[in-house]
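Please follow this explanation with the coordinates open beside it.

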Amino acid sequence: MQAIRWKHWLKLSPLVLVGLLVLMQAVPYGRAHTNPPVVTEPVWDSATTRELAVRTCCSCHSNETTWPWYSNVAPFSWLVQSDVDGGRAELNFSEWSSNRPLRNATQTVGEGEMPPWFYLPLHPEARLSAAETEELAAGLAAMAAGR
């Protein structure tokens, strides 16, 4: 009797999973993909620092986000929207007002915490070599110091 119930559940579980995924699409959060206008960029210390930041940081830390196809499919859309909202709130290269957030960015980039590990498999272009990591951290540090 127990084995029959277990087999029945195994047959129904894919249908339940598909039903849940379809229901998730009804949640409106995660599909408001806005890219507000660029107000002010920072004064970059070099073209290389800007290029590295655009390649690795700006999809979450600017108003020039590239929204991939999976950012329209829940639950992935929820994660992408949350990451972009958080990234823009922490540091936004498109709405620049002070170098204050760069002190933290310099440290997180230098320690290899940014870009985050979970971002890299779908965005291999954002992977930095050791030399690029050093160069970006040094450039951000120079900008933070106002040089």
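A residue counts as exposed when its relative accessible area is over 50%, as buried when that area is under 20%, and as partly exposed in between. In this predicted model, Trp117 is therefore exposed, with a relative accessible area of 70%, whereas Phe118, at 44%, is partly exposed.

The burial of another residue follows from the cut-off of 20%: His61 counts as buried because its relative accessibility is 13%. His61 lies in the loop that runs between α2 (47–56) and α3 (76–90), and its side chain reaches the backbone oxygen of Leu91 at a distance of 3.0 Å. When residues up to four places away in sequence are left aside, His61 touches Gly87, Leu91, Asn92, Phe93 and Met114.

Phe93 leads on to the aromatic rings. A pair of aromatic rings is described by the distance of the centres and the angle of the planes. Searching the whole structure gives four aromatic pairs. In one of them, the ring centres of Trp44 and Phe93 are 5.1 Å apart and the planes stand at 35°, so this pair is tilted. The pair links distant parts of the chain, 49 residues apart, with Trp44 in the loop between α1 (2–24) and α2 and Phe93 in the loop between α3 and α4 (100–110); both Trp44 and Phe93 are buried. The rings of Trp117 and Phe118 also pair, with centres 5.7 Å apart and planes at 90°, so their arrangement is edge-to-face. Finally, ring pairs join Trp44, Phe93 and Trp96 into a cluster.

Note on methods. Residues numbered from 1 in each chain as written. Predicted model: local features only at pLDDT ≥ 70, side-chain atom pairs only at ≥ 80, totals over all residues. Heavy atoms only, no water. Helix = DSSP H or I, 4+ residues; strand = E, 2+ residues; numbered from the N terminus. Buried < 20%, exposed > 50% of the residue type's maximum accessible area, 1.4 Å probe, protein only. Polar contact = N/O pair within 3.5 Å; in protein donor to acceptor, adjacent residues only side chain to side chain. Contact = heavy atoms within 4.5 Å. Phe/Tyr/Trp six-rings, centres within 6.5 Å; stacked < 30°, edge-to-face > 60°.
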